[in-house]
Amino acid sequence: MVRSYSEELEYLERITPTSWRIKKGFVPNMKVEGVFYVNDHLEKLMFEELQHACRPGGFGGFLPGVKQIANVAALPGIVGNSIGLPDIHSGYGFAIGNMAAFDMDDPNAIVSPGGVGFDINCGVRLLRTNLSEKDVQPVKEQLAQSMFDHIPVGVGSKGIIPMGAKDLEEALEMGMDWSLREGYIWAEDKEHCEEYGRMLQADPNCVSARAKKRGLPQLGTLGAGNHYAEIQVVEEIFNEHNAKRMGIEFEGQVCVMIHCGSRGLGHQVATDALVSMEKAMKRDKIEVNDRQLACAQIHSKEGQDYLKGMAAAANYAWVNRSSMTFLCRQSFAKMFNSTPDDLDMHMIYDVSHNIAKVEQHFVQGKEKTLLVHRKGSTRAFPPHHPLIPVDYQLTGQPVLIGGTMGTCSYVLTGTEIGMQQTFGSTCHGAGRALSRAKSRRNLDYVDVLKALDKQGISIRVASPKLVMEEAPESYKNVTDVVDTCHIAGISQKCFKLRPVAVIKG
């Protein structure tokens, strides 16, 4: 029986000015409660979505975010809460912006590809330079064109980094160690990357031939959708000490942000795993509220094969971003008749926001080994955490929050509160407010491009019609999202960036 909207609301309770609780009973079999973080504006979007789902005819497509958080709370082995970050929106199985942790010591605990996403290790990388906006403005159009020429973009784009089948196998196993060996990155790039750019449990044998075939031509490509390379300038510094530790010295300083993932290879790894897990669920009698939450016990063959294949796809994504880092550095060096080193093109950090990782956390005062699923959410470890680089031991881990096309981006840092409340996790971006189909219906790409031009943003796109899907109107306000995380204390604002040039698929 479908409950009315007012009946649904009885299960939801505000617990702080920025967070709500989803009580047990909201959906069947909840093992833990759900929690989601919102401010007043984001809260309205969240409840409108739920209200819409209670009308006759239902929601269609994906379930509303609140329902998805609750369904995840019903999965075997979950601990703490099923958590929705402020950029949450409906996704496949898990909502995008939903994180959840599972107890590795519980034989029934599961791993779910829906809790990682199809674009495994989609993530963001930020490079700094010693250039100012004044240096870039006179050559902005040429620089944007040079970046567009250097980085292959768009659906079906092919990489220009030499790559054979043997190279691909090695890249899947070695991650950024492969890029370092081949001379595409600097040694310190690895230090400033989550997992040091390599997941050690990766096994290329757990990646299907079809996935490898899709991935081979695409390494070193940006792809399409919400992926981009942006030339940005520092607009506002909120924490001078932390910004300086990252090499950010002044407002107007030029940075480059790269947002992409594992392309067709990661998508195929997820697709293959979902097929094998449906069979495993029947065998092991795993019950879920939504068939999109297909999963397998962590220690089953299917669970382990997925985790090894996912790690290989994550390594592929780091090599992919590293290859584009190399191309960005080349592009800037040519434009300014210099070297990447003289331009101080060091990597500030690289974060993943679609990944599952084994981590140590405290649950009810006891240290536990957990498999933490972060889908559309970013790791945000606090100061003094052993897994963050020496450079950032006093600041906390840098967290890169990409904005939507033509809007600002942010760099945050991890906090102890986040460690306690969200297993060291925070938001990943703006989060969609309109579906891609609705964006295409409601917006005109010429208007979107004109608006960007009016803001003084140079844009290079392989497919202008995809621009409507990525227009700022299609997304939540990234400042709303970041401010909610900052006020809740799960991460802290460090500095804000605005785009001057956007390269898209």
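Predicted model: local features only at pLDDT ≥ 70, side-chain atom pairs only at ≥ 80, totals over all residues.

User: Where is Asn-29 found?

Analyst: Asn-29 sits in the loop between strand E2 (19-22) and strand E3 (34-37). Helices (H or I, at least four residues) and strands (E, at least two) are DSSP runs, numbered from the N terminus. Residues are numbered from 1 along each chain as its sequence is written, and side-chain values use heavy atoms, with hydrogens and water left out.

User: Is Asn-29 buried or exposed?

Analyst: The idea is relative accessible area: buried is under 20%, exposed over 50%, and partly exposed in between (1.4 Å probe, protein chains only). Asn-29 counts as exposed because its relative accessibility is 51%.

User: And what is phi of Asn-29 near?

Analyst: In general, most residues other than glycine have a negative phi. For Asn-29, phi is near 65°, a positive value in a residue that isn't glycine. Tyr-196 also has a positive phi, about 55°, although it is not a glycine. Tyr-196 lies in the loop between helix H8 (187-191) and helix H9 (209-215), and at 31% relative accessibility it counts as partly exposed.

User: How is the chain divided into domains?

Analyst: Domain bounds come from an automatic or database domain assignment. Here they give domain 1 (5-109) and domain 2 (122-504). Taken over C-alpha atoms, the domain centres are 25 Å apart.

User: How many residues has the largest nonpolar core?

Analyst: A nonpolar core is a set of buried Ala, Val, Leu, Ile, Met, Phe, Trp, Tyr and Cys residues joined through side-chain atoms within 4.5 Å. The largest one has 125 residues, and those with the most contacts inside it include Ile-22, Phe-102 and Tyr-306. Helix H12 (residues 301-335) gives the largest share of this core, 14 residues. Both domain 1 (5-109) and domain 2 (122-504) contribute residues, so this core lies between them.

User: Which residues does Tyr-306 touch?

Analyst: Leaving out residues up to four places away in sequence, Tyr-306 touches Val-111, Pro-113, Val-116, Ile-120, Ala-273 and Met-277. A second, separate core has 18 residues, among them Tyr-228 and Phe-495.

User: Where is Ser-157 found?

Analyst: Look in the loop between helix H5 (140-150) and helix H6 (165-174). Ser-157 counts as buried, because its relative accessibility is 9%. Not counting residues up to four places away in sequence, the residues that Ser-157 touches include Pro-152, Pro-217 and Arg-263. Ser-157 and Gly-505 are 348 residues apart along the chain, yet their C-alpha atoms are separated by 8.7 Å.

User: Which element gives the largest share of the lining of the second largest pocket?

Analyst: That's E12, with five residues. The elements that give two or more residues to this lining are strand E4 (78-89), strand E12 (354-363) and helix H13 (416-422). At least three lining residues come from each of domain 1 (5-109) and domain 2 (122-504).

Technical notes: Contact = heavy atoms within 4.5 Å.
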